[in-house]
Amino acid sequence: MTDPRPPKWAIVQYWANKPPGHDVFTPHLDPDNPCCFACGWFSERWTEGRSPRKAWERATLERAHIVPAGLEGFNAASNIILLCSPCHRDSPDWHDPWEMAVWISNRDERPSKEMEHVDAWLQAAGRVPLFKVALSEVVARGGSAEEAAGVMRQHARRAVVHSGELSQGTMEAILRATARELLP
Ligand SMILES: [Zn+2]
């Protein structure tokens with residue numbers, strides 16, 4: 001059976017034309033840059049060398065009904081917004097579209113995927129004091145950060161990735177293994 005929902009780009013075009021009441025459903029919409037309508041989450045990599053249309057079609061965003069199909073919501077762009085997977089999971093399935101609007105207005109913004117990676121690594125480094133010791137050791141003997149990065153990459157290659165992301169525990173394990181190898 002074919003998917004009755006319009007393609008992502010058609011949904012973007014509909015909302016980008018600012019239909020009445022659009023702003024409560026699309027506080028973060030920028031037609032040139034794919035992002036979650038509710039939280040603004042995006043990934044720079046989506047747009048590299050691609051037309052906005054291709055970038056939106058490839059973006060890991062989900063087509064979410066404002067009023068669910070199971071509650072007689074239409075499969076038209078006017079009833080569908082594009083959400084990241086956590087927003088889709090947390091958003092209301094309710095007969096009154098206003099609930100979705102209120103939910104979106106209370107939704108916290110989320111940074112880009114790249115920034116989340118940086119934050120996650122910094123947090124992991126904060127929990128592995130040995131890694132900081134090893135880094136200052138490398139610097140003290142005239143080594144470069146690139147040397148430490150090379151060792152880190154080797155250990156990272158041995159890690160298994162669940163659900164597309166390194167887990168917090170895996171990052172800490174990589175940092176600990178790197179530290180042990182760098183320390184004399
Ligand atoms: Zn989101």
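**Notebook: helix α8 and the zinc site**

I began with helix α5 (residues 113-126) and α8, whose axes come within 9 Å and cross at roughly 60°. The model I am reading is a predicted one. I noted that α5 and α8 are therefore oblique to each other.

On the α5 side I found A120, W121, Q123, A124 and A125, and on the α8 side Q168, M171, E172, I174 and L175. Sorted by class, the contact of α5 with α8 holds 7 nonpolar, 2 polar and 1 charged residues.

I then turned to helix α6 (residues 129-140). Its axis and that of α8 come within 8 Å, and the two cross at roughly 40°. I recorded the crossing of α6 and α8 as left-handed. From α6 the contact takes L130, F131, A134 and V138, and from α8 it takes L175, T178, A179, R180 and L182. I listed these residues of α6 and α8 as 7 nonpolar, 1 polar and 1 charged.

The axes of α7 and helix α8 (residues 168-182) come within 9 Å, with a crossing of roughly 130°. That angle makes α7 oblique to α8. I have α7 passing α8 in a right-handed crossing. In α7, I found E147, A148, V151, M152, Q154, H155 and A156 meeting I174, L175, A177, T178, E181 and L182 of α8. The contact of α7 with α8 divides into 8 nonpolar, 3 polar and 2 charged residues.

I went back over the α8 lists for L175. This residue is among those that meet α5, it is in the contact with α6, and it also meets α7.

Last, I looked up the zinc ion. Which protein atoms are its donors? They are the SG atoms of C36, C39, C84 and C87, lying 2.3 Å from the ion. Along the sequence, the donor residues follow the spacing C-x2-C-x44-C-x2-C. I placed C36 in the loop between α1 (8-16) and α2 (52-58), and C84 in the loop between β2 (80-83) and α3 (85-90), so this pair ties together parts that are 48 residues apart in sequence.

Key:
Residues numbered from 1 in each chain as written. Predicted model: local features only at pLDDT ≥ 70, side-chain atom pairs only at ≥ 80, totals over all residues. Heavy atoms only, no water. Axes fitted to C-alpha atoms, helices over the stretch in contact; angles between N-to-C directions. Helix = DSSP H or I, 4+ residues; strand = E, 2+ residues; numbered from the N terminus. Parallel < 35°, antiparallel > 145°, perpendicular 65-115°, else oblique. Left-handed = near helix turned anticlockwise from the far one by under 90°. Contact = heavy atoms within 4.5 Å. Nonpolar A, V, L, I, M, F, W, Y, C, P; charged D, E, K, R; others polar. Donors = N, O, S within 2.8 Å, 3.2 Å for Na, K, Ca; no water.
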